[in-house]
Amino acid sequence: MEVRKTGLQYWRLYLLTLVLGIGGSFQYGIQVSLIASPAVHVQSFVNQTWVLRYGAPVDDSTNQLIWSFIVAVLSLGAWAGAVHSGSLPVTYGRKKALLFNNVVAIVAALLMLFSRMAKSFEMILLGRFLYGYNVGLGLSVHLMYLGESSPKKLRGFLTLTGSIFIGFGKVVGQIIGIKEMMGTEEMWPYLLAVSGIPAILQFVTLLFFPEAPRYLYIDKGDTEGSRKALQWLWQEDDLKQELDDMQKERDSTQGEKAKTVKDVLTSRCVRWQLLTLAIPCAGVQFCGINALYFYAFDIFRESGVPEDQMHYLSIGIGATEVITVTLCSFLIDRAGRKKLMGYGYLSMGITMSLLTVMLSIKDLNSWIPYVNIALIFCVICIYGLGPSGVSMALPADLFLQAWRPSAYVISGTINWLGMFLVGMLFGYIVDGLGQFCFLIFVAYSVCSAAFLIYFVPETKGKTMVEIMEDFNNLNYKNRGADIEKTGTSVETKL
């Protein structure tokens, strides 16, 4: 019994974490990174298809527009998936929602695989949209499922693995996209179809795991099913404390149905949770990390890095993010969410300010461009140690069961539309502002840091009900006499 208590008792829960990650946030990472590699080959294929249909090559501006839309449509699909993450997992359960999601990814992979044979670039567009849907739904349900299956002492660590799988997906996409592997004219349809493999793996393996215990207990009222799921996942017989915690949460909602997006946006009782979700967590796109990935190649070029070696340096950036996020997973339940994310944003703002200055004087000395490369790696390290990981773990702590699905819809909407805007507009911002574009991200990072450090309560080691009570001190500050159903109590208006 003592051996089991060392952590081995949770080996099934860790296995569930692996299964959810491979078919969940891993798909996001791989789709973000591998699309850059076959760009030339896909644009050539679009041109060949155009010649076959219309007897003349496509003009460069139209070809570039089609390619840009192929890249950007992932975000639109992900938004659609995020919107459905508020209804599908509530109606059909977390497990069935993910099984359906894997079917979507498999269909997308087949479209990619046969697009060249069918001589249709529209199949690539549709496949990319479906991949986006898979990513948007899968990322939200992955975190929901994992957070509702974990004990509170492991909840931060396990939900943070979502960021580890994103980073791992980015590195895998960068590696298999090199010309020595699948980044060739012959292999690009297979490269674009590769996400079908983790989808098949998750579909098959997830069948052997139970539904999320909290969903069974709180949403479905299946006490015995929840107990069996917990016993199977945790291999523990004494579940009284966890069941009591779920009972308190179920009592606090008093049989309420799942809240709508409108409820989350308009209810005073979750106002500060919504701000915490929207500003530092879902708004992580606006801290400049993706823009830094886009701009990195320009900095590498200015530093004299040969074109054919830049791809390998970008793999180093991806690997750095994976390593630092993994380190964050060991720190999050010790240092806490608030400190890691708050001071992480502050450090990112300071480092990007320094990067802006160094980019402005890059021609003064031959060693300055290499300092800029080092600063990029510093920003990636800070991002991995703080905002990247905590932005996955913190949302799972913020909302009670009835509010959580709609909160994830809002989070996904902000995240994916933010990614779409950054992807579409960043090039124009760089043309207009040059290296000073980073000052926009500096302002966002510093404001987010101040918000987290001064206002957001720590959630480490607390139950969902305790976290709600902490936030109620902010939601009802100086308004203790209002009638409002808070999820934990009912205030009385005099």
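Student: How many salt bridges does the count come to in this structure?

Tutor: A salt bridge pairs a side-chain nitrogen of Lys or Arg with a carboxyl oxygen of Asp or Glu within 4 Å. In this predicted model, the count comes to eight salt bridges.

Student: Which residue forms a salt bridge with Arg-94?

Tutor: Arg-94 is paired with Asp-219, and their closest N and O atoms are 3.8 Å apart. Asp-219 lies in helix 11 (residues 213-219) and Arg-94 in helix 6, so this pair ties together parts that are 125 residues apart in sequence.

Student: Is Arg-94 buried or exposed?

Tutor: A residue counts as buried when its relative accessible area is under 20%. Arg-94 is buried, with a value of 0%, whereas Asp-219 is partly exposed, with a relative accessible area of 34%.

Student: Which residues meet Arg-214 in salt bridges?

Tutor: One of them is Glu-242, at 3.5 Å from N to O. Glu-242 lies in helix 13 and Arg-214 in helix 11, so the pair ties together parts that are 28 residues apart in sequence. Asp-245 also forms a salt bridge with Arg-214, with the closest N and O atoms 2.6 Å apart. Asp-245 lies in helix 13, so this second pair ties together parts that are 31 residues apart in sequence. Both Asp-245 and Arg-214 are buried, and Glu-242 is buried as well, with a relative accessible area of 13%.

Student: How many cavities of 30 Å³ or more does a search of the whole structure find?

Tutor: A cavity is a space where a 1.4 Å probe fits but cannot get out. The search finds one cavity of 30 Å³ or more, and the volume of the largest cavity is about 350 Å³. Its lining has 24 residues, and the closest to its centre are Leu-139, Val-284, Ser-391, Met-392 and Asn-415. By class, the lining holds 13 nonpolar, nine polar and two charged residues. Among the helices that each supply at least two lining residues are helix 8 (152-176) and helix 19 (368-398).

Student: Where is Lys-119 found?

Tutor: Lys-119 sits in the loop between helix 6 (94-118) and helix 7 (121-147). Although Lys-119 is not a glycine, its phi is positive, at about 55°.

Technical notes. Residues numbered from 1 in each chain as written. Predicted model: local features only at pLDDT ≥ 70, side-chain atom pairs only at ≥ 80, totals over all residues. Heavy atoms only, no water. Helix = DSSP H or I, 4+ residues; strand = E, 2+ residues; numbered from the N terminus. 1 Å grid on protein atoms, 1.4 Å probe; cavity = no way out; pocket = protein on both sides within 12 Å on 5 of 7 lines; lining within 4 Å. Points joined across faces, edges and corners; volume = space filled by probe spheres on them. Nonpolar A, V, L, I, M, F, W, Y, C, P; charged D, E, K, R; others polar. Buried < 20%, exposed > 50% of the residue type's maximum accessible area, 1.4 Å probe, protein only.
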